[in-house]
Amino acid sequence: MRYIALIVVLLSGLVLLYTEKDLPPWGDPNSPASLHVSPKYLRDSLQETAVPNVVTSVLADYRGYDTMFETTVIFCAGLACFVLLRVFKVERKEAHYRHKATGLIIHVKVPNLLDNSSEFERVDTMWVPHDLILKTMCRFLIPFIQLFALYVVAHGHHSPGGGFQGGVILGASIILLSISFDLRTGLERVNERSISLMSATGVFVFTGIGAICLFLGSQFLNYGILSKILGVDPVMSRSWGIFGVEVGVAITVMAVMIGIYNYISSEGKLDEGL
Amino acid sequence: MADIIGYILGKYNYWMAVVLMMIGLYAMLAKKNLIKKIVGMNIFQTAIILFYISIGFKKGATVPIIEHNTHVIDVAKYANPLPHVLMLTAIVVAVSTFGVALALAVRVYQEHGTLEENEILSELQE
Amino acid sequence: MSIHLSVVIVTFGLLLAFVTYTLRWIRISLCLPFAITVLGFLTSCAIVLFTQIILWGPFEYPMGGWAPPIGIAYNVDHLNSFMVLVVTLVALVNIIANWKGLQNFVGDRIGGFCALYILYVSGLNGILFTGDLFNLYVLLEIASLTGYALLAIGDRRLAPFASINYVFLGTMGACFYLLGIGFLYIKTGSLNMIDVSNLIKQLHNSPTIITAFMFIIVGIWIKMGLFPFHIWLPRAYTHTFGPVSSLIAPMGTKVMAYAMFKVVLTVFGINFVFRSNAFPHIVSTLALSAILFGSIFALRQTHLKRMLCFVVITEIGYLVSGLAIGNSNAIKGSILHMLNDVFMTFCLFLSGQAIIERMGVNIDGFSELFVKTPLISAVFITGALSVVGIPPTCGFFGKWYLLLGAVEKGNYPLFVTIILSSLLNLILFFKVIEIGFYGGKVIPTWRLTGAPPWSFYVGLCFAGVSIILMGLFTFHLIRYVIEPFLTPLGL
C-alpha cells in the first residue's frame with residue numbers, strides 16, 4: 001500500500017509541477033484572475049452595498065448563495081455528530097467525588113450515591129487538582145472573549161471579520177469554560193436543547209431573509225427589495241441584509257462548534273468531558 | 001542557470017503548495033492509523049487553501065477594505081477578494097469534514113477497540 | 001410562469017429540514033409525517049417546474065439579482081429539471097415505503113435522520129440545478145457529509161468503518177475537484193460554467209487547462225465510483241441500513257454522472273475533450289474494466305446487497321462508456337441509461353431490502369422465496385430484467401443507443417463488452433431466480449413472515465411500474481428531455 005501511495009503521490013506531484021511554467025508569476029497584478037471579475041467587486045462594492053470590506057460584501061451579497069450552503073454544511077456536521085454519537089440512556093457504573101472541606105477524593109462503585117450531597121461535589125474521572133489558577137483566569141477572560149467576538153461580528157463591514165470568525169470565537173469561549181471547569185458546568189450554561197435550537201435558528205435566519213426577499217417579489221437573496229420593509233434606500237438595505245445574515249451565521253457556527261466539542265469529547269453521553 | 005533560479009523563486013508559492021499537498025495525500029493513503037489519515041486529509045485541504053490564497057496576492061497590495069472617502073479606486077492596490085471568499089467556504093467545509101471524520105473515528109473505536117486499520121480489517125475478516 | 005420554483009425546491013428543502021430538526025425537540029412523533037409532507041411539496045414543485053420548462057423553455061436564474069459572472073446563477077433546462085423530478089419522487093416513495101420500519105430502527109434519532117434525509121435530497125437537487133463551479137463543490141460537500149452520516153447509521157459493528165473509508169476517498173475526490181477549479185480560475189478569472197467555457201476556447205493548448213480537466217474529471221470519477229476508484233462503494237452500501245441504501249445507491253452516483261456530463265460537455269466542450277486520442281482510449285479502457293469487473297465480481301458474491309453493489313459499478317461503467325465513444329447516439333444512450341438507472345437501482349435495492357428482512361443475506365439460502373413472496377419477487381425480477389436489458393423494460397433502450405453509437409464510431413471492444421456484460425448479468429440474476437424457485441444448497445430460515453405493511457406495497461408497485469413506464473415512454477424522453485440538452489452543444 002505504501003508503494004502504491006508513493007507512486008500516486010509522485011504522479012500527481014509531477015502533473016502539478018508540469019503546469020507551473022504556464023501559471024502567472026506570484027504577485028502579478030495583471031493575471032487573468034485579477035482582471036476579469038474582481039475589479040468589478042472592488043470598484044462597485046462601496047456604492048452598491050455601502051460595505052467597505054469587499055470580502056464581506058462578496059461573501060454575503062454577491063456570492064451570498066454559496067455562504068448559505070456553507071452554513072448548511074456546518075449545520076450538517078453538527079447534525080451528523082448528534083445522529084452518530086448521541087446515546088441517551090447512560091448507565092453510570094462508578095463515580096469520583098471530592099469532599100469540599102478537606103479536598104479528599106473518593107471513588108465510589110455504586111452509581112449516583114452522593115449526587116445530591118451538599119458536602120461532596122462530583123469530579124471527572126480524569127480530574128487533576130491544583131486548577132484554581134486556571135479556573136480563576138478563565139472566569140475573568142471569558143466575558144472579554146465574548147465581547148471581542150461580538151465586536152468581530154458587528155464590525156465585519158469595516159474590518160476583517162464577519163459571521164464565521166465571530167461565531168468561532170463565541171463557541172471557543174464556551175468550550176474554554178467546558179475545558180477549564182468541566183463539561184457539566186458548560187452544559188449548565190448552554191444546554192443541549194438550546195444548542196440544537198440555536199444551530200437550526202441561525203441557518204433559518206439566513207434562509208429566511210432570502211425567502212423574505214423572494215416573497216417581496218424579487219429574486220432570492222436580493223437584499224435591495226428589503227428597503228420596502230426597512231424603510232431605507234436599497235443600498236443601505238443591502239448593508240442591513242448583509243448584517244442580518246452574518247448574525248445568523250454567527251449563531252449557527254457558535255452552536256455547532258459547542259455541539260461538536262460536547263459530543264466528541266464525551267463520546268455522546270454528555271456526562272464527562274475532557 | 002539564472003533563469004532556472006528565477007523560475008523557481010518566482011513561483012515558489014506554487015511549489016510550496018504542491019509539496020504540502022503531496023505530503024497530505026501520502027499521509028492519507030499510506031498511513032495505517034485512522035487519526036493520522038484524518039490529519040493527512042486536513043493537510044491536503046489546507047494546502048489547497050494556501051494555493052488559492054496565493055493566487056489572489058498582488059505585489060504591494062493591501063487588504064481589500066476601501067476607505068470611505070476614496071474616489072478613484074486603483075484595483076492593483078487592493079488584493080483580490082474572490083479567492084479569500086472562496087477559501088472561507090473551503091475552510092468551513094474542511095472543519096466540518098474533520099468533525100464528521102472524528103465522530104466516525106470515535107464510533108469505530110467504540111466498536112473495535114483500536115484505531116489501526118490492519119487490526120480492524122483482520123478483526124472484520126474473522 | 002414562476003421561475004422562482006427552481007430556488008424554492010432547493011432552499012425550501014433546506015428551510016423545512018431545519019424545521020424538521022427543531023420539531024424533534026418539541027414533539028418527536030411529528031418528525032416523520034412532516035418530512036413526508038415536505039418531500040411531497042418538493043415533488044409537486046418539481047412537476048410544475050418541469051411542465052413549465054417544456055412549455056416555455058429553459059431559463060437562467062441569477063441569485064441575489066446579480067447576473068453571472070458577478071453572481072451565482074442557476075441554469076435550469078429540460079434535463080436537470082427532469083432529473084430533479086426523478087430524484088425527489090424516488091426519495092418520497094422511499095420514505096413512504098419505509099415508514100413503519102424507520103421508527104423501529106432509528107428510534108430516538110428520527111428527527112436528525114429526517115433532517116439529514118431532506119438535506120441530502122436538497123444537496124442533490126442543488127448539484128443538478130447549479131451553473132457555478134464553486135457552488136457545485138459546496139453542494140457536493142453537503143450531499144457528501146449527509147451521505148457519510150446516513151451511511152454510518154446501519155449495522156452497528158460494520159458501518160462506521162465502511163463510512164470512514166468513504167470519508168477519506170470522498171474528500172480526496174472533492175479536493176481534486178476543488179484543485180481543478182483553482183486551475184481554471186487562475187487562467188480565466190471566472191467561476192461560472194458558461195463564462196469559463198467561452199474563455200477557454202482560446203486556451204485549449206494550455207497545460208493548465210489540461211491539468212484542470214484531469215483533476216476535475218478524476219475528482220468526479222472518485223465520487224462516482226468508477227473503476228479503479230470504486231473501492232469505497234461495495235463496503236459502504238452493503239453494511240448500511242435498508243432505507244438509506246435505497247436512497248443513496250440509486251441517486252448518489254447518478255447525480256455525479258450528470259455533473260460529469262455537464263462539466264465535460266458544457267464547460268470544456270466535446271471538441272476539447274476529443275482533441276487528442278489519449279482521452280477516448282483511457283476512458284474506454286476504464287469503462288471497459290468497470291463493466292467487466294462489475295459483472296464478473298458480482299457473480300462471485302453470496303451476499304445479496306454486495307452483489308447489487310457490483311451491479312451498480314457495472315452501470316456506472318455504461319454511463320462512462322457513452323462519454324468514451326463520444327458521438328451523439330452514445331451520449332444520448334448514456335444519459336438515457338442514467339435516468340433509467342435511478343429507477344432500476346431503486347427497484348432492486350427496495351425489493352432486496354424486503355428479501356433480506358425475510359430470508360437473510362445469503363443468496364444460497366433463498367429457497368422457495370419467490371413462491372412465498374410473489375409481489376416482492378415480481379418487482380425484483382422486473383428490476384433484474386431491466387438490468388439485463390430486455391424490452392420493454394427501460395434498461396434495454398439505454399444499451400441500444402450505446403451499441404448504436406459504438407458501431408457508428410467503430411469502437412468494437414466496447415460493443416462486445418456491453419453485450420458480454422448483459423449476458424453475465426443474465427447468468428447472475430438467473431442464478432438468484434433459480435435458487436428462489438427451485439431451492440439452493442442451504443436450508444432456508446425465515447426471519448420474518450407475513451406481508452410487508454401497505455406503505456411498502458406502494459413503494460414496490462411504484463418501483464415495478466416505473467421501470468415499464470420509463471421503457472414505454474423512451475422516445476418521448478429522448479425528444480423532450482435529452483435532445484433539448486444535447487442540441488445546443490452540437491451533438
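**Entry 1: chain A against chain C**

I began with the pair formed by chain A and chain C, which bury about 5,200 Å² between them, 74% of it on carbon and sulfur atoms; buried area here is the accessible area (1.4 Å probe) that two parts lose on being put together, summed over both. I noted for myself that the size of an interface is often given as the accessible area lost when the parts come together.

Before going on I wrote down that this is a predicted model, in which local features need pLDDT of at least 70 and side-chain atom pairs count only at pLDDT 80 or more, while totals for chains, interfaces and linings use all residues. Residues are numbered from 1 along each chain as its sequence is written, chains are lettered from A and ligands numbered from 1 in the order in which they are written, and side-chain values use heavy atoms, with hydrogens and water left out.

I then looked up who takes part, and found 52 residues from chain A and 60 residues from chain C in the contact, where contact means heavy atoms within 4.5 Å. R63(A) pairs with D132(C) in a salt bridge whose closest N and O atoms are 2.8 Å apart.

I also looked up the polar contacts of chain A with chain C, and the count is 10 residue pairs, both residues at pLDDT 80 or more. (A polar contact is a pair of N or O atoms within 3.5 Å; within protein, one must be able to donate a hydrogen and the other to accept it, and residues adjacent in sequence count only if both atoms are side-chain atoms.)

On the side of chain A that touches chain C, the elements giving two or more residues include helix 1 (2–18), helix 5 (64–85) and helix 9 (192–215) of chain A; helices are DSSP runs (H or I, at least four residues), numbered from the N terminus. Helix 5 of chain A gives the most to this side, with 14 residues. I sorted the residues of this side into 31 nonpolar, 11 polar and 10 charged, where Ala, Val, Leu, Ile, Met, Phe, Trp, Tyr, Cys and Pro count as nonpolar, Asp, Glu, Lys and Arg as charged, and the others, Gly among them, as polar.

**Entry 2: chain A against chain B**

I turned to chain B and found 51 residues of chain A in contact with 49 residues of chain B. The area buried between chain A and chain B is about 4,700 Å², of which carbon and sulfur atoms give 74%. E20(A), W26(A) and L42(A) supply 17% of the area that chain A buries against chain B, more than any other three residues.

How many salt bridges cross the interface of chain A and chain B? The rule finds zero salt bridges there, although I did count seven residue pairs in polar contact, both at pLDDT 80 or more.

**Entry 3: the core**

I looked for nonpolar cores, meaning sets of buried Ala, Val, Leu, Ile, Met, Phe, Trp, Tyr and Cys residues joined through side-chain atoms within 4.5 Å, with buried meaning under 20% relative accessible area, exposed over 50% and partly exposed in between (1.4 Å probe, protein chains only). The largest nonpolar core has 308 residues, and among those with the most contacts inside it are F69(A), M21(B) and Y74(C). Not counting residues up to four places away in sequence, F69(A) touches residues of chain C including V10(C), L14(C), Y74(C) and N135(C).

**Entry 4: salt bridges within chains**

D44(A) forms one with K40(A), the closest N and O atoms being 3.2 Å apart, and both lie in helix 3 of chain A, four residues apart, about one turn of the helix. D44(A) counts as partly exposed because its relative accessible area is 22%, and K40(A) is partly exposed at 25%. I noted too that K40(A), D44(A) and E48(A) are linked in a network of salt bridges.

R184(A) and D182(A) also meet through their side chains in a salt bridge (3.1 Å, N to O). Is D182(A) buried or exposed? D182(A) is buried, because its relative accessible area is 15%, whereas R184(A), with 21%, is partly exposed.

**Entry 5: T266(C)**

Last, I looked up T266(C), which lies in helix 11 (residues 242–268) of chain C and counts as partly exposed because its relative accessibility is 23%. Leaving aside neighbours within four places in sequence, T266(C) is in contact with S197(C), F261(C) and L489(C).

Definitions and conventions. A salt bridge is a side-chain nitrogen of Lys or Arg within 4 Å of a carboxyl oxygen of Asp or Glu.
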